[in-house]
Amino acid sequence: DNYTLEAKYPIMKKAIKNIISGVAMLLVAVLLQIYCVSTNTASAFLNILTVIVLGIAVAFFVLDAFDRKRMADNERALAEKENEKWFEDATRLESFDTEKMFEEEFTQTEEEIEEEEEEAPVVDVSDEYLAYIDKDLTLSRTADELSLFALERGCKLEKKTVYTLLGALSSSRFVILNGMGKDEFSALAGVLCEYLECNFHMDIADSSYTNGESVFMRTDENGNKIKSGALRTVEEAGASQSELHVAPIANVSVEMLANCFGDIVKYAKNPSLPSLVSSVEGKYRFSKNILFLIGLDSQRTLAEIPAEVAEVATVCEAKLTLTDRAATLSAAHKLKLYQLEYMADGAAASSLITEGEWKKLDTFEGYVGERTGYTIGNKRWISIERYASVYASAGGDVSESLDEAIASRLLPSVISACKGKEISLGEAIESIFGENEMDGSCRAVRNSRLYAKDQGETNV
């Protein structure tokens, strides 16, 4: 009943003027008939006038019904629009002013960004999540399957490389592989794409990589602008969010990292927040399931990695041997994104790293912070924990797992913060964690040649 809507929608009360008008016309018609009866007047004119007045009264009542329906429909439409907006906000699809995000990106502190993430609504993807989960699958089994999967496709991975890859995939969306040849990088990227069930679109950087647009738009032999492999991967990732999509770019120099990868750096800081590819025209949007896999043009030290890249990237090494592809391929259990996240969450929740080791990392943070003002930050803490926990759960040595996480996930930004400072990172690491306990981290520091005491003998 539309009349009951007055309590919910005050605007409905405005329609009462039609009721009053209709009642007034009815009264006029009744008075006319009373006059005719009381005066014994038989007037065709008055009878016709009475009918006309009654018709006007009925018209007012009909108009009232239409007015009330129109108002109710408008109010319902506004309510539905508000509901749609609430839903979009809750799923974080349209709740962010992306242009403003890019303007404020470099003015936000890490604490402010973390606060935003804590306040952001949680998306319930439980049904979709559970559809891809095999609760019996372990990281150790996954490591074995990935190793066999790669071997059958002509790519023999060292065990340590398998653990490193799983740790990197679980903790970062911007992974830099240092010191790999183009053929090895291409083979590894192809294996990962096939294993993760995404298309393989590899770009090879060249002298035309001069700005952000060149990463996402290329020029063909006829001079026409075409989408790069990275941009095609961005498009495909948005349409298929149950897979982790790999965007491999080979032969990248440190100068290119500094000049061309601004969009990717912004994305890697907050993969879960919607953001646009601002360096190209069109509404291309990053989704959280994109892994940018970068192959450097040559062996580089962590000190050469640009500071803004070192802040978000995982820098590691992958060692492999190219072999012949197997004639027949065994059945493979390919890896979905939600399966990887489920296993990584489980590994972090039951971490094999002791509390004592984490306290040593606390001490190391304090040592560096006193001399540079550097802090690890909550997000990096979480990523280091995920990397180390996944590495160990996949089969890596527990003591080695924290060393690899620190060398790949922490030291790039620490070394960047220590440039120009009189600080001996190598001595500090050995003093805090124990001599010969952090070989990977100490080697990375020595190779960076930050300070005379840390140089020692380089071991690339």
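Figure 1. Arg 153 is buried, with a relative accessible area of 12% (buried means under 20% relative accessible area, exposed over 50%, and partly exposed in between, with a 1.4 Å probe and protein chains only). The structure is a predicted model, in which local features need pLDDT of at least 70, side-chain atom pairs count only at pLDDT 80 or more, and totals for chains, interfaces and linings use all residues. Residues are numbered from 1 along each chain as its sequence is written, and side-chain values use heavy atoms, with hydrogens and water left out. Arg 153 forms a salt bridge with Glu 194, with 3.0 Å between the closest N and O atoms (a salt bridge is a side-chain nitrogen of Lys or Arg within 4 Å of a carboxyl oxygen of Asp or Glu). This pair links distant parts of the chain, 41 residues apart: Arg 153 is in the loop between helix H6 (139-152) and strand S1 (155-157), and Glu 194 is in helix H8 (residues 182-195). Helices (H or I, at least four residues) and strands (E, at least two) are DSSP runs, numbered from the N terminus. Glu 194 is partly exposed at 28% relative accessibility. Arg 153 also forms a salt bridge with Glu 152, where the closest N and O atoms are 3.8 Å apart. Glu 152 is buried at 12% relative accessibility.

**Figure 2. The salt bridge between Lys 160 and Glu 404****.** The closest N and O atoms of Lys 160 and Glu 404 are 3.1 Å apart. The pair links distant parts of the chain, with Lys 160 in helix H7 (residues 159-171) and Glu 404 in helix H17, 244 residues apart. Lys 160 is partly exposed at 33% relative accessibility, whereas Glu 404 is buried at 9%. The structure holds 15 salt bridges.

**Figure 3. The surroundings of Tyr 374.** Tyr 374 is found in the loop between helix H15 (355-372) and helix H16 (378-393), and is buried with a relative accessible area of 9%. Its side chain makes a polar contact of 2.7 Å with the side chain of Ser 413 (a polar contact is a pair of N or O atoms within 3.5 Å; within protein, one must be able to donate a hydrogen and the other to accept it, and residues adjacent in sequence count only if both atoms are side-chain atoms). The C-alpha atoms of Tyr 374 and Val 414, 40 residues apart along the chain, are separated by 7.4 Å. Residues up to four places away in sequence not being counted, Tyr 374 touches residues including Glu 365, Arg 380, Leu 410 and Ala 417 (contact means heavy atoms within 4.5 Å).

**Figure 4. Glu 243 in a loop****.** Glu 243 lies between helix H10 (229-239) and strand S6 (245-252) and is buried at 9% relative accessibility. The side chains of Glu 243 and Ser 242 are joined by a polar contact of 3.1 Å. Not counting residues up to four places away in sequence, Glu 243 touches Leu 196, Glu 197, Asn 289, Lys 336 and Leu 337.

**Figure 5. Phe 174 in the largest nonpolar core****.** Of the 111 residues in this core, Phe 174, Phe 216, Phe 261, Phe 292 and Phe 364 touch the most other members (a nonpolar core is a set of buried Ala, Val, Leu, Ile, Met, Phe, Trp, Tyr and Cys residues joined through side-chain atoms within 4.5 Å). Helix H17 (residues 398-418) provides the largest share of this core, 8 residues.
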